[in-house]
Amino acid sequence: MIEKSDQIMVKFSTNYPGLFRNVSKFILYLNTLFSRGTKGNFYIEIVEDGNLYIYKNKATFELLNPKISRTEISSLIKNKKLDFSPDMLIDGIINKQTFPEHGIDFQYNFFGAHKQYSYNKQLSFHQNFFGEGLKISTSKKYDLILSIMDFDDFYLYIQQIALLASGLTN
């Protein structure tokens, strides 16, 4: 049995109202896909103002926060049939025309014995992924705030989630 101390929990919220509405709608399907790809070592819970990502261990956290380039994501999206369409996550919620001019904040809180590790890994992943298109800050309420300033960057991130759910990046 895996020790609870190995568990990593990340609360993910945003300043964009309703952004997780479709995650709630498809939570059972998403958890089934992620469970298949991680052998039951990751699942998502819906919380009042976002999602709670629960990783059973650091290896699963590493698996689901891969070092993957934007080019690799684009190539995988073009060449593979996905079990989960990226558009399912944002359909009826946000698109290029409704994306806020000031961007969207991804707000993170980290829990567990590996809090600093998960913070550093999440920050590194996003810096690598978004490059100059990312603004980084913190607040009293959130451990880390990552502001995504462009819809195309945001959509590429949504595609990456769909790839992970479909098990194509591991």
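A residue is called buried at under 20% relative accessible area, exposed at over 50%, and partly exposed in between (1.4 Å probe, protein chains only). The structure is a predicted model, in which local features need pLDDT of at least 70 and side-chain atom pairs count only at pLDDT 80 or more, while totals for chains, interfaces and linings use all residues. Residues are numbered from 1 along each chain as its sequence is written, and side-chain values use heavy atoms, with hydrogens and water left out.

Side chains of opposite charge can pair when their charged atoms come close. The model contains 6 salt bridges, each defined as a side-chain nitrogen of Lys or Arg within 4 Å of a carboxyl oxygen of Asp or Glu. One of them joins Glu62 to Lys121, with an N to O distance of 3.1 Å. Glu62 belongs to helix α3 (residues 58–64) and Lys121 to helix α6 (residues 115–130), so the bridge ties together parts 59 residues apart in sequence. Helices (H or I, at least four residues) and strands (E, at least two) are DSSP runs, numbered from the N terminus. Glu62 is partly exposed, at 35% relative accessible area, whereas Lys121 is buried, at 14%.

A salt bridge is also formed by Asp152 and Lys96 (2.9 Å, N to O). Asp152 lies in helix α7 (residues 151–165) and Lys96 in the loop between α5 (87–90) and β4 (104–111), so parts 56 residues apart in sequence are tied together. Asp152 is partly exposed, at 43% relative accessibility, and Lys96 is partly exposed, at 46% relative accessible area.
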